[in-house]
Amino acid sequence: LLTFAMLFVVGWTVSALAERLRREEAAALRRRTDELRGALLSSVSHDLRTPLATITGAASTLLDANVHLSPEQRDELLGFIRDEGIRLDALVTNLLEMSRIAAGPIPLKTAWVPVEELVGTALRRMARPLAGRSVVTTIPGPLLLVECDPVLLGQVLTNLLENVVRHTPAGTAVRIEAGRSAEGVRISVIDGGPGLPPGNAEALFEPFERGFGARGPGTGLGLAICRGIARAHGGNVVGESIAGGGAAFTLLIPTGPPPPLPEDPP
């Protein structure tokens, strides 16, 4: 009877403590969700409203029959609409990607893809923002393959290049270096800017963290999305300052040996 009573008391105590822990975790999750929701609404209200206002104003001017514009002025307004539309698309894409990451594991559609192809796609997307900058790529041939979701990994490289544009002066050189290590395939985006702010570099990967010296609108989701996608592949993204100036963000994706090349027919 004494043993039964002791076991009963211990079981009841453990159950009560577990229930209390579940309630505290649920409350902490609600608080975190409310914080993220508030930050998201603040970001949307500011960062999405600006390009929408620019697009609406430029389109209204073009449609106003009482406003006489030269061909150069019309081209300038059309350029505003195009650029702000591209910026708006990037903002919405980042918000949707962050929602997918927060919802749980990301489904991957993996394939063996040349790193050269991933880098080339990202550079084509970023051709306009990178105009006027020296971009040097160092990739050991077209046979450096990585097993990944090419759409998602392309988004990571695009976000890392956007990060360079936002945090370095115009004309700052950019290097993209890739290679194979013991852990897998690594791809580094390196700039010659001022480097990372002193302190905890890990904070830059938190959602809605824009970092020091960011220019122009943005949600502060780019690096958080990069890390979320990398971890969905079993990898990671890390940032570090470089001695002498500059910053490097390195994407590491673990991968096994690539599949054998098909043999030529006799």
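Which residues make a nonpolar surface patch of about 520 Å²?

1. The patch is formed by Phe4, Phe8, Val9 and Trp12. The model under review is a predicted one, and the points below should be read accordingly.

2. As a general point, an α-helix has 3.6 residues a turn, so residues three or four places apart point the same way.

3. Regarding the overall fold, the chain contains five helices and seven strands. Their order along the sequence is α-α-β-α-β-β-α-β-β-α-β-β.

4. The chain has 266 residues, of which 33% are buried. Its accessible surface is about 15900 Å², and carbon and sulfur atoms contribute 61% of that area.

5. Contacts across the sequence also deserve attention.

6. Helix α5, residues 222-232, is largely enclosed by the rest of the structure, because nine of its eleven residues are buried. A residue is placed in this class when its relative accessible area is under 20%. The buried residues of α5 include the glycines Gly222 and Gly228, together with Leu223, Ile225 and Ile229. Cys226 and Arg227 are also among them.

7. After α5 comes Gly234, which has a positive phi, near 85°.

Notes
Residues are numbered from 1 along each chain as its sequence is written. This is a predicted model: local features need pLDDT of at least 70, side-chain atom pairs count only at pLDDT 80 or more; totals for chains, interfaces and linings use all residues. Side-chain values use heavy atoms; hydrogens and water are left out. Patches are made of residues with over 30% relative accessible area and no salt bridge: like charges are joined within 9 Å, nonpolar side chains (Val, Leu, Ile, Met, Phe, Trp, Tyr) within 5 Å. Accessible areas come from the Shrake-Rupley method with a 1.4 Å probe; for residues, only the protein chains shown count as cover. A salt bridge is a side-chain nitrogen of Lys or Arg within 4 Å of a carboxyl oxygen of Asp or Glu. Helices (H or I, at least four residues) and strands (E, at least two) are DSSP runs, numbered from the N terminus. Buried means under 20% relative accessible area, exposed over 50%, partly exposed in between (1.4 Å probe, protein chains only).
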